[in-house]
Amino acid sequence: MSEINNCYNTWFGEVCLEDGLKVFRSKNLKESFQSCKNWKLPFSVKDAGMIAFGSESEYYRNLRRTALQVAEERVRKELQSDERYLISLLKALDEIDLGINLFSEKIRDIEETRESSLTEKFNQIVSDLKTFRKDLENEINSHAERIIPNVSSIAGGVITARLLEKAGSLKKLASMPASTIQIIGAEKSLFKAISRMKKGKKAKTPKHGIIFQHPYIRGLPKKKRGKMARFMAAKLAIAARIDFYGGELNEELVEMVRKKYGELQER
Amino acid sequence: MRVIKEILNNTFIVEHRDSSFLATKSRYPPFYGEKKIGDYREWKAYRSKLAAVILNGYTPSIKKDAVMLYLGVASGTTASHLSDILDSGIIYAVEYSATPFKKFLELAEERENIIPLLEDASKPENYSGIVEPVDFIYQDISQKNQIEIFSTNADLFLRDGGEGIIMVKARSIDSTSEPSEVFNFVLSELEKFFDILKHGGLEPFHKDHIFVHVRK
């Protein structure tokens with residue numbers, strides 16, 4: 001390798017341009033497959049690969065096998081990540097809430113028509129579900145505190161999980177401006193407002209989306225909610241960034257949110 | 001059952017019990033709940049936008065030995081039929097999201113002409129050492145900057161004279177403007193870098209979508 005500048009990374013190893021193509025085949029294809037970042041290659045990666053593998057069929061056989069192995073591993077890793085675990089717990093929680101409501105309604109329907117020993121069993125099932133719901137919520141809270149400590153300290157586990165679900169990942173949440181975090185979950189009314197404005201009509205943009213569920217916002221009179229939501233979203237944006245870049249729990253942020261809530265309550 | 005018309009390699013309009021439908025000839029089993037009669041796998045236009053393009057009367061020529069880059073393969077509904085068509089070609093299939101890709105891998109395991117890549121199509125430099133120069137780019141990603149993504153991928157991988165099909169959903173480019181305005185904008189952007197061979201709507205199968213067929 002006389003000139004480093006003339007070498008490129010391909011999935012099967014290094015290819016250098018010096019009097020034609022010179023191929024240094026990698027010993028670990030899975031590894032080289034995952035580290036072959038370049039801009040535009042001045043040659044066809046397949047032409048170079050035919051030198052390394054001898055024939056077209058061998059080239060594609062190795063390429064396919066490596067691609068499948070890497071893809072399967074990445075999918076497994078991605079699906080098993082902590083963030084996905086939290087989101088799937090949250091989805092389970094929502095489904096269980098729906099179930100509890102639905103079942104309670106049915107029990108009432110049955111009770112109204114007849115006294116039946118069945119309803120007792122049914123009641124038992126619902127009360128078991130409620131116990132399980134509590135366990136689930138505890139798990140969401142403790143898991144959220146572990147992987148996203150700062151956001152969780154402000155918003156609580158369930159709202160944190162909901163923000164994460166809507167954003168898609170902690171990475172995305174961390175790159176969101178506070179104004180976006182403020183209205184996550186209220187997209188429909190936001191876009192409705194924007195399209196009205198475009199037509200020159202009057203419109204109000206939403207004050208809060210998911211974070212409305214927070215007792216500090218819900219617990220305030222309507223007029224003050226916007227102010228609180230704005231403040232909380234600003235702190236959440238900072239918190240998400242600390243969490244994403246691996247920072248530790250910063251109690252100051254929660255304290256500021258608490259103080260603001262206190263001030264708004266008194267006024 | 002009888003074949004009424006050949007559309008592309010392994011792609012036919014077939015008639016069965018008084019109804020006719022689009023299908024690809026395949027030795028593989030059904031993949032997404034479509035029916036299979038004999039060797040013919042129904043190609044559902046409500047599920048696959050490319051099938052909608054064909055049923056609306058336009059067939060882009062896709063050669064059976066083409067090398068294709070497919071951006072946004074999702075769970076592989078359309079790719080399963082393209083794999084039937086390109087029976088002596090290769091499909092490099094890119095998808096960013098792991099959830100649909102898991103299902104797609106079932107298809108990639110069984111089809112020898114598919115190379116699966118769990119990558120972000122907006123960062124083509126990450127797979128520049130894997131994908132060879134291609135004859136065709138098929139793009140179906142609902143993203144605001146999808147035209148830019150198409151152009152950078154075409155710059156890196158599409159050979160001169162190569163073609164591409166872009167599926168555009170008005171709402172994912174701009175959710176508040178009129179679809180026709182969005183489409184005009186998209187066409188004018190594409191015109192800067194490509195020859196536009198054909199474009200058209202996907203009604204009644206997909207609302208507020210258009211396809212654009214381009215050549216580099």
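Because the model is predicted, local features need pLDDT of at least 70 and side-chain atom pairs count only at pLDDT 80 or more, whereas totals for chains, interfaces and linings use all residues. Residues are numbered from 1 along each chain as its sequence is written, chains are lettered from A in the order in which they are written, and side-chain values use heavy atoms, with hydrogens and water left out.

**Interface**

Between the chains, 30 residues of chain A are in contact with 33 residues of chain B, contact meaning heavy atoms within 4.5 Å. The buried area, which is the accessible area (1.4 Å probe) that two parts lose on being put together, summed over both, is about 2,700 Å² for chain A and chain B, and carbon and sulfur atoms give 61% of it. The rule finds 3 salt bridges across this interface, a salt bridge being a side-chain nitrogen of Lys or Arg within 4 Å of a carboxyl oxygen of Asp or Glu. One of the salt bridges joins the side chains of A:Lys40 and B:Asp155, at 3.4 Å from N to O.

**Cavities**

A cavity is a set of points, on a 1 Å grid over the protein atoms alone, where a 1.4 Å probe fits but cannot get out, and its lining residues have an atom within 4 Å of a point. Grid points are joined across faces, edges and corners, and a volume is the space filled by probe spheres set on the points. The structure holds 2 cavities of 30 Å³ or more.

Among the residues that line the second largest cavity are B:Lys49, B:Asp140 and B:His209, while strand β10 (residues 158-169) of chain B gives the most, with 3 residues. Helices (H or I, at least four residues) and strands (E, at least two) are DSSP runs, numbered from the N terminus.

**Helix α12 of chain A**

Helix α12 (residues 222-244) of chain A has 23 residues and should therefore span 33 Å at 1.5 Å a residue, which agrees with its end C-alpha atoms being 33 Å apart; the expected span is 1.5 Å times one less than the number of residues. α12(A) is followed by A:Gly246, whose phi is positive, near 80°.

Methods: On a 1 Å grid over the protein atoms alone, a cavity is a set of points where a 1.4 Å probe fits but cannot get out, and a pocket is an open set with protein on both sides within 12 Å along at least five of seven lines; lining residues have an atom within 4 Å of a point.
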